[in-house]
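Here is a short note for a colleague who is new to this model. Please read the points with the structure open.

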Amino acid sequence: MRLGPLHHLRSFLLLLAPVVGAAQPAWRVDRTPVVTVNASAPNGDVQFQIVSWATRLANGEIAIADGADGAIRIADPKGVVTRTLGRKGSGPGEFSLLTWVGRCGADSLYAWDARSARVSVFDAKGAYTRQFAVVPASTSFTVACSANGALAFFTSLQPRRDASPPTMRQTEDGRQYQVGTLRANVLVVNAAGATTREIMDVTFGEMLMGQLTPGGGRGGMPRPLGHLSGFAFVGDDLAVGTTDSAAIAIYGAAGDPKLRFTVPPVSGVPTMAQYERAIVPAIAIAPPQMHAQLTDFAKLVTRPERFPAFSRVLGSSDGLVWLVVSPDGEPVTKLRAHRITGEVVATLEIPAAVAVFEIGSDYVLGRIENADGEQGVVVYRYARR
């Protein structure tokens, strides 16, 4: 039977409709982490300061990118830091601005140096094996990788073409600031660093820019509770989420758009307490000596009038697109799993404020921060049912 234009139009509209449907199963999460890696050792020695990113290795160890001193800390499955890979520097296996680590493939650990625009590769035993440059991605902090070693980056950040110039505003103590919306391209390279596809003109998100101190120089940071986009590999496909349109677009291996679905908005209006809690993860990878300054600045500017539909996009090995749908910094972290066609599969609730880095078939890994401002890494176990 030949399908007419009306049928195709209805199918297209179904893909664009928000996926709400009936209540989905809530997969059970343990109340306490199965692994905790603390910033300080039992004897009080500092093991790391800034957790830029972390990943779980095939043997259960955890690799932690320490953005403060440019080294990768390796913790055993019990959370004890046992060794260090790399160090500050510009030579092979060294880093000047280490912002991300990921397990890309069965045994390879990839590490991204945003300042030198270079990927370093380590084998399963932690030995440095090679490196390659991704010059167009210089300064990109957002990275994702696939099981076959492909990497994705944001590049070419610029003001969004269709947006009005940001209005100059002023805080109560006279500081000038703006909230600007940026656009970017998403660059995908293979395991040798060669470009395989590029997705053009994606909304990157909202940035807060202004005078960090009265009469001082200008600086910038992601807007707390602002609309920031993200991406993740789902097999060889790439899921790109844009929070300003609350949509997830799925791109194929050649960069061709395959599917697109929208997600429900997060209801309610952000309170001042929620906004202030969201400042903590927004400044997490800034130098610790700047935290007080950035916090003070962020508290004085106008907070967003609505929540983003999601704060992070993740992919799992079983082909699911995971969205963190709770506002950053909330005491319960909520995640929702979608098929690439948009259907909701399940939800998870982690009983802690976790900046989620990775989700596996039975675990969630991310960064936490205690009342003293010390960062750590946790792994929560969950059961599908």
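1. Start with Asp328. This residue lies in the loop between β24 (321-324) and β25. Helices (H or I, at least four residues) and strands (E, at least two) are DSSP runs, numbered from the N terminus. The model is predicted: local features need pLDDT of at least 70, side-chain atom pairs count only at pLDDT 80 or more, and totals for chains, interfaces and linings use all residues. Residues are numbered from 1 along each chain as its sequence is written, and side-chain values use heavy atoms, with hydrogens and water left out.

2. Is Asp328 buried, exposed or in between? Asp328 is partly exposed, at a relative accessible area of 33%. Buried means under 20% relative accessible area, exposed over 50%, and partly exposed in between (1.4 Å probe, protein chains only).

3. Which residues does Asp328 touch? Setting aside neighbours within four places in sequence, Asp328 is in contact with Leu225, Gln274, Arg277, Ala278, Pro281 and Ser311. Contact means heavy atoms within 4.5 Å. With Ser311 there is also a polar contact, side chain to side chain, at 3.4 Å. A polar contact is a pair of N or O atoms within 3.5 Å; within protein, one must be able to donate a hydrogen and the other to accept it, and residues adjacent in sequence count only if both atoms are side-chain atoms. Arg312 is 16 residues from Asp328 in sequence and 9.4 Å away in space, C-alpha to C-alpha.

4. Now helix α2 (residues 272-282). Its buried residues are Gln274, Tyr275, Ala278, Ile279 and Ala282.

5. Next, an open sheet of four strands. The order is β23-β24-β25-β26, with antiparallel pairing. β23 (312-315) and β26 (344-350) stand at the edges with a single partner strand each, so one side of each has no neighbour in the sheet. Neighbouring strands are turned by 25 degrees against each other on average, direction ignored. Axes here are lines fitted to C-alpha atoms, for helices over the stretch in contact, and angles run from 0 to 180 degrees between N-to-C directions. Two strands pair if DSSP finds at least two bridges between them. Strand β25 (residues 333-338) is joined to β26 by six bridges. Thr333 stands opposite Ile350 in β26.

6. Look at strand β29 (residues 375-383). Seven of its nine residues are buried, so the strand is largely enclosed by the rest of the structure. Strand β1 (residues 28-29) runs antiparallel to β29, with two bridges. Strand β2 (residues 35-37) is also antiparallel to β29, with three bridges. Strand β28 (residues 363-369) has seven bridges to β29. β28 and β29 form a hairpin with five residues between them, and Gly373 in the turn has a positive phi of about 85 degrees.

7. Last, the disulfide. Cys104 is joined to Cys145, S to S 2.3 Å. The cut-off for a disulfide is a pair of cysteine sulfur atoms within 2.5 Å. Cys104 lies in the loop between β9 (98-103) and β10 (109-113) and Cys145 in strand β13 (residues 143-145), so the pair ties together parts 41 residues apart in sequence. Both Cys104 and Cys145 are buried.
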